Structures are given as C-alpha cells and as structure tokens.
Amino acid sequence: MDNSSTRKNILKKIREALTAPSVRLLPESSDGLFYRKDDRSLLDRFCTEFAAIDGKLEVCREKDDFHKKLSEIRNENGWQHLYCSTASFRTDFGLDALPFTGGEVPESASAVITGCECLVARTGTIVLSSAQEYGRALTVYTPVHIVVASADQLVEDIGDGISKIVRRYGRKLPSALFFASGPSRTGDIEKTLVKGVHGPVQVYLFLFAANGDYVTDQPGYQSKIIEL
Amino acid sequence: MTSREKVFQAESKAKAADLKHRAIINRVLKQSDDAFRKGKEQFSDLEKARRHAANVKSDTIARLDYYLLEFESNFTKAGGKVIWAENAQQALDAIGEICAGKCASVVVKSKSMVTEEIHLNSFLSERGIDVVETDLGEYIQQLAGEPPYHIVAPSMHKSKEEVARLFHEKLNAPPGLTPEELTLVAREKLRQKFREAEVGITGANFLLADIGGVAITENEGNARLTTSFPRVHIVVTGIEKMLPSVKDLGLFWPLLATHGSGQKIAVYNSVFTGPRKQGEVDGPEEMYVILLDNGRTGILADPVARESLHCIRCGACLNVCPVYKNIGGHTYRATYSGPIGSVITPYLRGMKENKHLSYASSLCGACTEVCPVGINLHGLLLYNRRSAISGHHGSVFEKAAWKGWKMVSSDRRLLDAVGGKTKNFVINRLFSAQWGDHRKLPVFAGKSFSRQWKEKMNQDNAGK
C-alpha cells in the first residue's frame, strides 16, 4: 500500500502546528537521580526486592548445590518435565545428567530453565532477550520459569540494565527485550491479586554467588543459602 | 444544550445516586490510592522526577516530526514497516489489508486504548475475524459487550459475582467461581487463541526514536504471548507516544507503574525493535507500526493544549477525580474518560459536541497534582471552556445571560435597582434547575451590602 501522501500530510500538519512555540516550557536540567538511596549491596537489595514481588530465590555456591536444590524443588512441586533449550547450560550445569531434564517438546514442560541477560537490584527484575536460545515464548508460556544466573550479572537499576544490553549488542539489538519482575499477575477482578494469569505462576532464581558476595543482616535470607 | 450533553447530564445524575456502583468504585479506588502511596516511596523526590519527565515529553513533542522520522528510519532498518494513518479509517483499512493478506481468521489483542478509539474490534468482527481481547479486564469487558470502564483497569466496576455470572453464561464455566478460578478459566481459554491467531495486535506505551523500538508495559504476560506466537505483530499507536531514547525508560517505566497501579515497576516491560531476527528461535515474521494522527495534530496546533500530548495514559487523574468517582467511567461516553479524557475528547471528536466535558470538573486540581508528566489538567479544562465560548459554541441563551450579568453587575445603580426579593425570584427562575435539588441557592439580602453600608454611614453621621 502506498502511504507516502498520508505520511507527507501528517508531517506537514506537525510542522505547521509547531511554528507556534509552546507556551509552557518547564526550565531546569536534572541530575537524573530520582530514587531513594539504599546503601546495601546489590545482592542484598536484589534479594529483598525479588522476594517482595513473590520471586523465589536460592543462592548457590556450587553446581552440586544447584542440582540438589533443583531436585528438591522439583519433588516438592511434583513437576514432571523440566525443559532447557540452552545447550551450553545443559553442559555447564550438567543438566543432562539429571533424569528429568531434556530437550523434548516444551509444550509438555512443567518448568523451563534459562539464563538471563542481567539482574536489576533496585526492582528485582530479570532481563531477558529474544537473542538468547530461549527466545520469546518459552519464558512466558511455561507455567514455571527457573532462571540460573550469577551475582556478577547484577546491575543497579533499570537504566543500567538497558545500558548493558545496548553495550552488548550495539546497533544490532535483539528483536525483543523483556524486563520481567516476578510472576505474572492481575488485579482485574475487584483488585484481587491473582498470580499466573498468562505468564508463569512461579519464578525461581538460582543465583550463584561466590563466598563473601552474600553479606546480609536480614535473617530471613540466611536460611535460603544452600549448605555446602 | 446538545443531545450528547443532555445524555451526559441524565446519566451522571443516575450514576451519582447509584449506591451499589459507588460502593464498588470507592472500595477499588481506595485500594489504588493505598497502593499508589506505597509505590511512590521508591522516589527520593517525586516532584523532581515528574518535572524531568514533563521536560522530556515537552522537548519531544516540540520536535515530534524529527523523532517520528528517526523512529521510522531505525524501525525500518530492523525490518519493520511503518504505516502512517491520518484518521481511524486509514488505520482500519491498513489493518484490514494486512489481515486479509494473511487470511487471518483469529486475531489476538493486548490492551490498547488506541484500538478502542478507532473501534477496531467491530471492524474486524464485521469481516468475519474472531478478534479476542487477552488482557483479563478487557476480556471481561468483551464478554459483557461493554467498552472499558477505566483506561488502565477496564473492568474495575464489576463485582467478582458479576464476573462469575458472566463466565458462567458466556463460557459455560461452573457458577460461583472465585477470582483465582475465573483467572484460570481465562488463562486456559486464551492459551488456545494465542496459538491459533495469525495476527497479534498491541498498542504501545512508548515509541523509542533512537532504537526504533516499541515499549509495552503489562502485568499479565498477554502482550508477550500476543507478540510471540502469531506470524504478524501490528502495533497501533498515537504519534504522541514518542520518547527520544530507550534510556528514558529508566524513569518512565517506574513512573508509569507507580501512577498506573502503585507498583514499583510493572511485571513485564518489553521492548520490540522489529520482527524475528536471523538466528532467533521464534517471534513474528512481520511487524508493523501504525502511527495514528486522528486529531492529535489538532491538539499540537494549539500551543496551550499541546501539553495534553505528554499523557502516558497511567489513569492516575481518573483515580483521584471527584467527578469520576461519582459518575464512573462509562458516563463520559468517550474512549478516554476522566480529566485527561475531558481535555482531549473535544479535540479528537469535536469541540461543539463535547464541550460539556470541560464542565465535568470541580476544578479542584487533584488531577494536575497527581499527573506524572505535569499536565495542567484543570487549567486546560478551564482553557477549553474559554475556547468553546470564543469559538461560538456557546448557546445564544448563555451568551445573552452573561451579557446581561455583565451589564448589571458592573453598574451599581442597576444592581440596586431592585430589592433582594426580586433578585431571589430571578436567580431562582434562572438557575434552580442546574443548581439541583440537593443544595440551596445562595440567598440575596433584602438590601445590597453597598446600600446597607451607605445607610449605616448616614445614620452614624446623623448621630454625630
């Protein structure tokens, strides 16, 4: 369809309209600091925020912790099949050795295991992109999303997450970026909070942190560290 | 009085006295208010954040042509296609053509007020396309055959019992389900639709010029599914949704979340820069962005009203508006309700037919105070009243009445020509109908203050 005359008309109208300068121009520049300061470590803040939006966090120190904890959670929840599309992940974390994971049809998977681009401490956000092997649908269609990440993927705020992506991909950005903060939710019926309306009902994060990374004075989180 | 105004008056009167409606709205808006209070704690200086956001929007709108072209260029480079539409019909025709080209029989939609504005659903339905709203609130409204009640919370006015009844009648769900169970029913029904649909249609919360991106904010995940499975993704958006850079989202996402739903950040904030790229495992083969004018350049041409184009459709001004709380979202009979709707509807759908909306305000300023992008909403409502009158959209009676009022009130002799009794009689005859039964008209004293004062001074002087 030829759209050039419509385009020309709209641009012409805009340019004519803008010959009249705006009446109310708000002056002043800004230092860009808008959010409440928090002196705790990125990891501590992420833990607090992620818990506040109903994310489930397990801090791990070694691969074996991860395996052990994953098996436990799987048994607790009665999940049949866990799907992981990321080949490097399956090798690195030895997922193929676990009897219940594999690369079968994701349609039947109870949970999907993926990595992520980065983690945002201030909001408890997991940043995903379509350039990764999990693509667009998998992480939102599967009932449970399990993310495996390391503490060095933590960034301060949303803006830092965006900068990190832009630095990584330059002008060749992935076709889709997702800033996912906790399980899917709705309040559309009388503002009653219901989780898992279209996206995952539960979001787990297995976060690999080196010794000393995990300093917290919040007793609630201590118990979640997997014992070595 | 226009027919639209008469309907508005009558429906407002009925709604304001509907106690069941009032109870639900009050309860829901109280929850919004509590959440908002908590959400805004994330800002160290909310006023500073708002001023910055207003500056960004005002600078962007002042160079809108430049940013639209930058967006078009970047989005096109990434394999997307931009379609310009001057009015609703052009947008509908473009969508119709794309759907026909894909032989689409099922179209899934995520929440979008612009598609309400152009009445997309009825257009597609008439063409035999099964068009499905996938946001839970919008899905409820679609089942009920009603337009959205609120720009962010479309089914906010429905009790859980009403929704349960609706699902029972329309979807054959068991009667008396809880909100959790109802949500699960919708989840299962809609999952099939996501897989079947050939085309997915979304709105846009922001357009990002520097990367040619479309940002979409949601909590449910339906927009992500709408943009994952179907082979075609169509975005319908107003031209004013522009931001210069993807980096602006670091402020605009939290601002939108806090003012829209009291969250620190919404669950899913996505950015789409085009169709599936080489090497990516899924995603649509084609992506279109329809840039819609539909009256927006008319708003832009008015240097005062222009700032209403800053709006990020968070709905905060609706939540705090005493008029909205009393008459509800449907009474406005406009796509965009509440204060922002009252400001822009006369521009989008005709000043003469919609000028009465400028009076749907107590001018208390709560809307202006809460607006995250600094729109002087109540000031603009006042401005629109003036524009309507100077544009000769006022009635002959009103004009004559003001002329008479001006003549009398600016002349002391005329003002004192008659006593309080006569004044009360005249004012009562003229205004008692508009003033309503629920409050008393002010009463004139027997003698004017000026006359009483003179008499008092004369007496005092005489006494000396």
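Trainee: In which loop of chain B does B:Glu240 lie, and is B:Glu240 buried or exposed?
Mentor: In this predicted model, B:Glu240 sits in the loop between β7 (232-238) and β8 (242-243) of chain B. Its relative accessibility is 3%. Buried means under 20%, so B:Glu240 counts as buried.

Trainee: Which residues does B:Glu240 touch, not counting residues up to four places away in sequence?
Mentor: Contact here means heavy atoms within 4.5 Å. With residues up to four places away in sequence left out, the partners of B:Glu240 are B:Lys57, B:Ile61, B:Arg296, B:Leu309 and B:Arg313.

Trainee: Which strands stand at the edges of the open sheet of 6 strands in chain B?
Mentor: The order of the strands is β1-β10-β7-β4-β2-β3 (chain B), and their pairing is parallel. An edge strand has a single partner, so one side of it is left without a neighbour in the sheet; this applies to β1 (81-85) and β3 (130-133) of chain B.

Trainee: Which residue of β10(B) is the bridge partner of B:Trp84?
Mentor: β1(B) and β10 (residues 286-292) of chain B run parallel and are joined by 5 bridges. Within β10(B), the partner of B:Trp84 is B:Leu291.

Trainee: How many salt bridges are counted between chain A and chain B?
Mentor: The two chains bury about 7,700 Å² between them. One of the salt bridges joins B:Asp65 to A:Arg15, with the closest N and O atoms 2.9 Å apart. The count between chain A and chain B is 7 salt bridges.

Terms used: Residues are numbered from 1 along each chain as its sequence is written. Chains are lettered from A and ligands numbered from 1 in the order in which they are written. This is a predicted model: local features need pLDDT of at least 70, side-chain atom pairs count only at pLDDT 80 or more; totals for chains, interfaces and linings use all residues. Side-chain values use heavy atoms; hydrogens and water are left out. Two strands pair if DSSP finds at least two bridges between them. Helices (H or I, at least four residues) and strands (E, at least two) are DSSP runs, numbered from the N terminus. Buried means under 20% relative accessible area, exposed over 50%, partly exposed in between (1.4 Å probe, protein chains only). Buried area is the accessible area (1.4 Å probe) that two parts lose on being put together, summed over both. A salt bridge is a side-chain nitrogen of Lys or Arg within 4 Å of a carboxyl oxygen of Asp or Glu.
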